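This report looks at a strand and at several charged side-chain pairs. The sequence and the structure come next.

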Amino acid sequence: PGLPGVGQGLKSAPHRLGSASLSCVGLSLCSLRSAKKSRGQQESRWRWLKAAVLLSSAAAGGLLSWSYLRAEDGVTEVLARHSENLQDKFVEIPCSEDYDSHKRFEGCTPRKCGRGVTDAVITREEAERIRRIAERGLSLGGSDGGASILDLHSGALSLGKHFVNLYRYFGDKIQDIFTEEDFALYRDVRQRIQQRIAQAFGISSASMYLTKPTFFSRINNTEAKTTHDEYWHPHVDKVTYGSFDYTSLLYLSDYTEDFGGGRFVFMDAGSNKTIEPRAGRVSFFTSGSENLHRVEKVHWGTRYAITISFTCNPDHGIGDPVLM
């Protein structure tokens, strides 16, 4: 009972079909062919629509990826392009509270904060001469990673994964590397940068003192071997080095010509700003949290620069380097 009865009903069904039913079957076959044709056209349209949607999705995905990368990069405004020759550009911004936790020196400790860029203080020819000093000094050593340091004041030089004092390590050989003219140019360049900073912030250059660390940097795309090679992390100079009040960088090579990547980025809330290095260009800024910054990773080539830092506290002042 049950299942066999269903089978029997199916077997007897054709015998009960009349001519009208047969005609109807013919119409159904015709309708079926028409429906198949219609479905084929509809499927073809759907395939085209699906392809269009996929292409649109891919384009939208690409746009979102591009937007994400732009957002991740965070650079939305270029303060100074490498192709520009800027006389003076200065942007004033509110000071952070970082200076309140240190002894204040009236007429020097920042009350006016900001950042500036100029191509009118150091010539390209002078920058090339300064770069040759860095190249000769760094030829004595260099980091195993991507960032090498040369400090003519303290004598610190990257060597492998460590630092050595080049004056003690190389002794009299230093006389064959540097000249008195090299150090005289170095001092002259430092003084001009100091005067430009004092002018921009409305203070006396005599109230500013050179402080440590002041150093040459050579950066390439070699993989970092120690934390000293990881130059790209965001930081605040006043937090890292309590003595810093004013920071400056003199660029000694050209973005897109000598190296790729390696731009200097101010990390402002919602809208980062970047400076593209150019030989002879000086960028300077107050050293507090109002100027949180980083350097992009260098992708190719070699980036040379010198960081020259100033303090308002005479106890943290250092002298100009002297050829031993």
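## A salt bridge between Asp-100 and Arg-104

In this predicted model, Asp-100 and Arg-104 form a salt bridge, with 3.3 Å between the closest N and O atoms. Asp-100 is exposed, at a relative accessible area of 55%, while Arg-104 is partly exposed, at 26%.

Side chains of opposite charge can pair when their charged atoms come close. The structure holds 16 salt bridges.

Asp-258 and Arg-131 meet through their side chains in a salt bridge of 3.8 Å, N to O. The two lie 127 residues apart: Asp-258 is in the loop between β9 and β10, and Arg-131 is in helix α3. Asp-258 counts as partly exposed, with 27% relative accessibility.

Another salt bridge, 2.5 Å from N to O, joins Asp-320 and Arg-190. This pair also links distant parts of the chain, with Asp-320 in the segment after β16 and Arg-190 in helix α5, 130 residues apart. Asp-320 is partly exposed at 23%; Arg-190 counts as buried at 12%.

## A network of salt bridges

Arg-115, Asp-268 and Lys-273 are linked in a salt-bridge network.

## Strand β16

Strand β16 covers residues 303–311, and nine of its nine residues are buried. In a regular strand the side chains alternate between the two faces of the sheet. Both faces of β16 are covered, with Ala-305 and Thr-307 among the buried residues on one side and Tyr-304 and Phe-310 among those on the other.

β16 runs antiparallel to β8, joined by eight bridges; Phe-216 has Ile-306 of β16 as its bridge partner. β9 and β16 are also antiparallel, with six bridges between them, and Thr-247 stands opposite Ser-309 in β16.

Note on methods: Residues are numbered from 1 along each chain as its sequence is written. This is a predicted model: local features need pLDDT of at least 70, side-chain atom pairs count only at pLDDT 80 or more; totals for chains, interfaces and linings use all residues. Side-chain values use heavy atoms; hydrogens and water are left out. Buried means under 20% relative accessible area, exposed over 50%, partly exposed in between (1.4 Å probe, protein chains only). Helices (H or I, at least four residues) and strands (E, at least two) are DSSP runs, numbered from the N terminus. Two strands pair if DSSP finds at least two bridges between them. A salt bridge is a side-chain nitrogen of Lys or Arg within 4 Å of a carboxyl oxygen of Asp or Glu.
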